[in-house]
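Please find below a colleague's note on the model shown here. The points follow the two ligands in turn.

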Amino acid sequence: MTTLTIRRPDDWHLHLRDGDVLEGVLPHTSRNFARAIIMPNLVPPVVTTAQAAAYRDRILKALPKGDDFTPLMTLYLTETTDPADVEAGFRDGLITAVKLYPAGATTNSQSGVRDLAKVHSVLEKMAEIGLPLCVHGEVTDPAIDIFDREAVFLETVLAPLRERLPGLRVVLEHVTTENGVDYVKAQDKNVGATITTHHLMINRNAILAGGIRPHYYCLPVAKREKHRLALRAAATSGDARFFLGTDSAPHIDPLKETACGCAGIFTSINTMACLAEVFEQENALDKLEAFASLNGPAFYGLPANEATLTLTRQDEPVVFPRKVAVGQDEVTVFDPMIPIHWNVGS
Ligand code: DOR
Ligand code: ZN
């Protein structure tokens with residue numbers, strides 16, 4: 001196959017940041033994607049519908065003229081989130097999901113949730129109105145090995161939460177383990193999972209073998225090879241519970257290339273080309289549309305996009321920019337470590 005035309009994809013998990021970074025990175029999403037779930041972990045976080053409305057306006061202002069892109073806004077769940085504000089935002093069509101960050105789990109998660117009991121009334125309201133909860137599925141207990149934090153979260157946090165509130169729609173964000181894939185497969189239609197491009201392409205060796213490579217460090221951290229293979233099987237299976245959420249998470253180079261670097265991999269530029277390569281390797285190009293363009297909208301109860309995106313295969317590897325300028329700084333682009341042969345058209 002040399003060309004592949006699919007419905008225009010959506011990104012169900014994206015960090016756009018604000019200010020110069022927003023301006024620098026947004027065009028690389030809006031060029032190819034019709035919609036994206038926008039993560040709320042700004043500094044300070046987006047915790048009220050009024051803040052989400054203002055953030056949406058800043059995104060729309062930064063959008064290149066002519067690009068057709070809809071930001072789907074989320075609220076950052078805190079122990080003082082007001083269920084009435086959440087409901088009002090949902091009913092107005094402003095809020096598409098609420099994000100649960102366990103406090104301390106990742107970048108700008110200090111205001112996240114320490115005690116789930118304190119957010120129970122919000123979660124109950126969400127279950128009642130059908131508003132999905134996007135979950136950063138890692139425990140934060142320093143005694144738990146970082147490579148086990150997702151698996152432990154499933155057992156000790158998500159399973160009990162689902163038992164208490166089976167009607168709550170939950171997206172297990174950026175699933176990184178076979179345990180996560182198996183967990184999602186065993187649930188009913190109220191649970192879905194996003195998978196990132198980079199977790200389909202790298203395992204933990206990329207970060208640590210032969211030298212420490214900060215641009216492959218993200219959270220949840222990439223796991224061992226068997227987990228990457230489980231993610232590839234899930235993504236390319238066509239199973240409607242798995243869909244694309246790039247978790248493209250730009251940090252300027254000085255914040256990555258330092259003694260204590262930030263977590264996050266910037267993939268929005270080459271995500272669709274990388275995915276085509278992955279799906280081709282798995283002999284599953286016919287499943288790319290389900291993963292990137294159909295399963296996500298179906299989970300969120302939204303129509304699939306009418307417009308299309310065409311990918312064209314070429315024999316010579318495609319050259320992507322190594323870095324993107326944002327203000328005075330640069331953000332390094334994800335290097336997939338294999339040649340990519342797919343060009344993304346319109
Ligand atoms: O790698 C990550 N980067 N994981 C997250 O959960 C947050 C994100 C960020 O905001 O940089
Ligand atoms: Zn994220």
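How far is an oxygen atom of ligand 1 from an N or O atom in the side chain of Asn41?

1. The distance for Asn41 is 2.8 Å, a polar contact (a pair of N or O atoms within 3.5 Å). This is a predicted model, in which local features need pLDDT of at least 70, side-chain atom pairs count only at pLDDT 80 or more, and totals for chains, interfaces and linings use all residues. Residues are numbered from 1 along each chain as its sequence is written, chains are lettered from A and ligands numbered from 1 in the order in which they are written, and side-chain values use heavy atoms, without hydrogens and water.

2. Arg17 places a side-chain N or O atom 2.7 Å from an oxygen atom of ligand 1. For His251, a polar side-chain atom lies 2.7 Å from a ligand 1 oxygen. Of the 290 Å² that ligand 1 exposes when taken alone, the protein buries 100% (Shrake-Rupley method, 1.4 Å probe).

3. Ligand 1 is surrounded by 13 residues, and Thr106 and Leu219 are among the closest (a heavy atom within 4 Å).

4. The zinc ion (ligand 2) is coordinated at 2.0 to 2.1 Å by His13 (NE2), His15 (NE2) and Asp247 (OD); donors are N, O and S atoms within 2.8 Å of the metal (3.2 Å for Na, K and Ca). Both His13 and His15 are buried (under 20% relative accessible area, 1.4 Å probe, protein chains only).

Conventions:
Polar contact = N/O pair within 3.5 Å; in protein donor to acceptor, adjacent residues only side chain to side chain. Buried < 20%, exposed > 50% of the residue type's maximum accessible area, 1.4 Å probe, protein only.
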